[in-house]
Amino acid sequence: MSEPFPKPLDARTRYCAVLGFPVKHSASPAMQNAGIAELGLNWRYLAFEVRPEELRPALIGAQTMQFIGLNLTVPHKLLALDMVDTLDESAKLWSAVNTIQFEGRDRGRSWLPLTHFEDAPPEKIRSRGYNTDAEAIVRSLREDLRIELRGARVLLLGAGGAGRVAALKLASQEVAELFLVNRTSSKAATVAAEIRRRHPAVKVQLGYPRGEVDLAINATSLGLSPSDPLPVEDKQFSLRQALALYDMVYRPAETPLLRAAKAAGCRTANGLGMLLYQGAKALEIWSGKPAPIAVMRRALEQNVYGS
Ligand code: ATR
């Protein structure tokens, strides 16, 4: 299949960008520009290294220049909560902003995406913050691992930022049982308490399960470096106990954990799908059109793995 052909740059070209610090490793420009070209939009998606103390002026600059929208990555997702003009329910729920859409006010005083103001500029512009990360976890589990979460028994390794969101999102999908394991056990206990409060029907326990689980998830950062130990203690849990394993780490494509899980007979997937689906949702928010998933996935794989 040939690559989608971008529209030539001209004075009507509109911009989106990811802001992060650092940002040079980001695969989002490759993925989003492929999606934008496939949709036939006269847009470009850029990456800017913005220090946290400069985030506010960067957001004002993008808004002033009528960018379509922004993605935010480390360390901006929490900071932006207080910097956008309005928050979508998704950003309120997860207390983090990874996507911003700029909206303009028309003469009828309703707020519309800036794409509605091709010919006449809006009277006023504001920013709206979204979170597309949490939804992306569930979509990736469903589409990449074919997991039915409702009623599932799940082991979750890691209770940092990503682990907490995954745990709460899985609980909201009515998993039956959640087993939480984290190096710093107090953090797992805090997440467990939050789940008991918000999702009392879910049975949540600290520590490894006895017997089988439908799914084990690695939400720790172990696996990023070749010298990392496996995130699971083999004396406490055998990967043969898991029907499926999801590793949020996607660089390298096959972590030692994924290799061991395959050898143990698990269905496996890495975290590239999370990156894909959070980006696809952002493009859908900005464009109002379904994202071209296959094209975006191919661009992402090419950027991250070179194949
Ligand atoms: P993220 O936003 O990617 O989740 P994070 O909040 O820093 O990043 O969380 C990193 C996760 O990896 C945590 O669960 C962390 O465990 P701690 O809460 O005990 O710090 C886990 N992690 C990182 N390095 C680890 C290591 N060497 N051994 C075990 N767990 C580790």
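A salt bridge is taken here as a side-chain nitrogen of Lys or Arg within 4 Å of a carboxyl oxygen of Asp or Glu. With this rule, a search of the whole structure, which is a predicted model, finds 17 salt bridges. One of them joins R12 to D119, with the closest N and O atoms 3.2 Å apart.

In overall form, the secondary structure of the protein comes to 9 helices and 13 strands, and the C-alpha trace spans about 65 × 45 × 35 Å along its principal axes. The radius of gyration of the protein is 20 Å, which agrees with the value near 19 Å that a compact globule of 307 residues would have.

The protein is divided into two parts, domain 1 (14-131 + 274-305) and domain 2 (135-270), so that domain 1 is written as two stretches of the chain and domain 2 as one. The centres of the two domains, taken over C-alpha atoms, are separated by 29 Å. To the contact between them, domain 1 gives 11 residues and domain 2 gives 17 residues.

The size of an interface is often given as the accessible area lost when the parts come together. For domain 1 and domain 2 this buried area is about 1300 Å², and carbon and sulfur atoms give 60% of it. On the side of domain 1, W94, M274 and Y277 supply 55% of the area buried against domain 2, more than any other three residues.

Polar and charged links are also found across this interface. The count between domain 1 and domain 2 is 1 salt bridge, and the rule for polar contacts finds 5 residue pairs there, both residues of each pair being at pLDDT 80 or more. The elements that give two or more residues to the side of domain 1 touching domain 2 are helix 3 (89-94), helix 8 (272-287) and helix 9 (293-305). Sorted by class, that side of domain 1 has 8 nonpolar, 2 polar and 1 charged residues. A salt bridge is also formed by the side chains of R297 and D144, with a distance of 3.0 Å from N to O.

The peptide bond from F21 to P22 is cis, with omega near 5°, and P22 lies in the loop between strand 1 and helix 1 (28-38). A cis peptide bond, again with omega near 5°, also runs from V74 to P75, where P75 lies in the loop between strand 3 (69-72) and strand 4 (86-87). In another loop, the one between strand 5 (99-105) and strand 6, R109 is found; this residue has a positive phi of about 65° although it is not a glycine.

Notes
Residues numbered from 1 in each chain as written. Predicted model: local features only at pLDDT ≥ 70, side-chain atom pairs only at ≥ 80, totals over all residues. Heavy atoms only, no water. Domains from an automatic or database assignment. Contact = heavy atoms within 4.5 Å. Buried area = accessible area lost by both parts, 1.4 Å probe. Polar contact = N/O pair within 3.5 Å; in protein donor to acceptor, adjacent residues only side chain to side chain. Helix = DSSP H or I, 4+ residues; strand = E, 2+ residues; numbered from the N terminus. Nonpolar A, V, L, I, M, F, W, Y, C, P; charged D, E, K, R; others polar. Rg over C-alpha atoms; globule rule 2.2 N^0.38 Å.
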